[in-house]
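Student: I'm new to this one, and I'd like a close look at a single part. Could you walk me through one chain and then the place where its partner meets it?

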Amino acid sequence: MKLRIRGVEFHYPARPVLRGISLEVRGGEVLGLVGPNGAGKTTLLRCINRVLRPRRGTILVGKDDVGKLSPRVLARKIGYVPQASPHGFPATVFEVVLLGRRPYVSWAVSPRDREVVAEVLTLLGLEKFCNRDFNELSGGERQKVLIARALAQEPEVLLLDEPTSNLDLRHQLEVLGLVRSIVKEKGMAAVMAIHDLNLAARFSDKLAFLHRGKIHDVGEPAEVLTQENIRSVYGVEALISEDSGIPYIIPLAPIGAHPSPLPSGPSQKASVKCRCD
Amino acid sequence: MAGTLRPRGVPLEGLPPAEAYRAAAARKALFLFLALGAVGGMALVATAVGGARLGIGEVARALGARLLPFLELSVPRSDLAIVWHLRLPRIALGILAGFGLGLAGAAMQGALRNPLVSPFTLGVSAGATLGASLAIVAGFGLVGAGRYVVMGNAFLFAMGACLIILAVGKLRGVSPESFILVGIALTYLFGAATSVLQYLAEEGDLARVVHWMFGSLAGASREAVLTVAGVIGMAFPFLLKASWDLNALAQGDEVARALGVNPGRVRMAVMALSSLIAATITCFTGLIGFVGLVAPHIARLLLGTDHRYLLPGAGLLGAGLLLAADTVGRTLFSPLVIPVGIVISVVGAPFFLALLLRRRRAIWR
């Protein structure tokens, strides 16, 4: 196992967010993290790369306890791909990707650093953009650059937060396809928080349904993408179909939509109280 | 680098990415060396112009007489006095102040991810002004005696403003917005207090306060030069060492963390050091605005946003700008001297606008 999450609990001052999460991800495997807004997907990602400190539980990358590594060493083991980058002072694509070498560089950029960056740029088909301003790129290209930066960290674990949320249809497929093949090729373990269940099913080796801070169900997409799971996690009636072994869902209607907050629709309450995911 | 130091005929596009980056980096380093040389050259020219006309040769001899005593050059005493006591301290302070303000501005803009930030939008200048006004108008001083009261007050109040900002940052979370908002609030508060003092002041005192606020290098002295040099010499290596951290901060706090950087700590340290530089300079010169805001932007247009090049670049451009402005101010209507704080805005603003219009590259989006 590349990544082991054991009994992780996290509380914000007012409310518990993660209540005993345990998951394992093998090298070469993509784990899709799905669940309604406020279920704790982003919080779990932040606990894994220690932006947040869990109150209980351990997270192991290989044999190393994430809680005991220095920030710099941790940044060599876990790469993080954010949803988007803040706009700001312009930097070139090469410079943005080069930042992935920050955990290795003290001052000067070594030939090896340049080599790694160039390799990653080629891998993602970004060479021709290398001197362009990052902010001038399209959403899809930008997302690839952010993935490239995480890969330049040469991590063992790759975390992705909604990598497709701003992308058009074609780029969604392209980016997720790239992620999956690179993860396989490099033997990394990837955890990807993602809203789109059909994309999640198509591009993940395992799906974990997160619901109110707990793992509701986890397993291969075909096993866990069921009507019952969709109903109890999202409070949505859905049809499940299948295309050459890959399940896909057609959402039909929210259960007990409104106005009564009856027990039949608990997950709507969960989505109301979320701040932002 | 898009639009950055790309000589025509040597397109970076043709090179493989790693080579293109290397070439661009080499160009930036070369640019810094040339800028350093240019500031040195300007200093020599600036020493030679002024009320008493000395040729560059005479200036060089006067410099040589002290620096290289074994040459046993014979130089008129008056030349020595003009060069060593009048002009050199002023020029040295101009270079140092410009360097420090440009450097501090670039570091603060990076740490707070905001293009409008400068030492003078974050309460440092308002604090210094209040301190100086208190000393001049009310005769109130925290430290020192005689002419040092104004300086001491200006410095302490400026650092006080900085400490308040840092303390609030510590208490309320160190987001860029909280720093900036507290800085603005302090600026208003101190500004109001200064206005009250000005309202109550006698005419002579009022004139002194206003003069202090113009910002000038007339108070240059050996101790001013040494103090400013000492503070910059202490802070510059630390800021430079934070270059990668500042680069990472530009990508957002969360990404910075994922890259092993502690955003809060970096921000606090950089803000403290930059404010210290700005406060030290301001207490000797009064308010010299604009450089700290604009030198970093010019440097960014020319060198890009990697702080390893940007920080020294902003410093050197600030030094050049301030020295040029003071030399113009000293000589244009000689013997009347226009305070450098005024000249720098008059000369700098159109220069900056021209650069903005000429460049394709955006400084902020």
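Tutor: For its 277 residues, a compact globule would have a radius of gyration near 19 Å, and chain A comes out at 19 Å, so the two agree. Along the principal axes, its C-alpha atoms fill a box of roughly 60 × 40 × 35 Å. Of the 277 residues, 48% count as buried. Look at who touches whom, too: among contacts in chain A between residues at least 6 apart in sequence, 65% join residues at least 24 apart.

Keep in mind that this is a predicted model. The mean pLDDT of chain A is 88, with 92% of its residues at 70 or more. Among the elements of chain A, strand 8 (residues 189-193) has the highest mean pLDDT, 96, while helix 10 (residues 266-272) has the lowest, 43. Over residues 264-277 of chain A the pLDDT is below 50, and this stretch still has 27 contacts in the model beyond near neighbours in sequence.

Now for the partner. Here 33 residues of chain A are in contact with 31 residues of chain B. On the chain B side, helix 1 (17-48), helix 9 (243-249) and helix 10 (253-258) each supply at least two of the touching residues. Helix 1 of chain B gives the most, with five residues. By type, the chain B side splits into 16 nonpolar, six polar and nine charged residues.

Methods: Residues are numbered from 1 along each chain as its sequence is written. Chains are lettered from A and ligands numbered from 1 in the order in which they are written. This is a predicted model: local features need pLDDT of at least 70, side-chain atom pairs count only at pLDDT 80 or more; totals for chains, interfaces and linings use all residues. Two residues are in contact if their C-beta atoms, placed from the backbone, lie within 7 Å. Helices (H or I, at least four residues) and strands (E, at least two) are DSSP runs, numbered from the N terminus. Ala, Val, Leu, Ile, Met, Phe, Trp, Tyr, Cys and Pro count as nonpolar, Asp, Glu, Lys and Arg as charged, and the others, Gly among them, as polar. pLDDT is the predictor's confidence in each residue, from 0 to 100. The radius of gyration is taken over C-alpha atoms; the globule rule is 2.2 Å times the number of residues to the power 0.38. A residue is buried if 20 or more other C-beta atoms lie within 10 Å of its own, exposed if 12 or fewer, and partly exposed in between; C-beta atoms are placed from the backbone.
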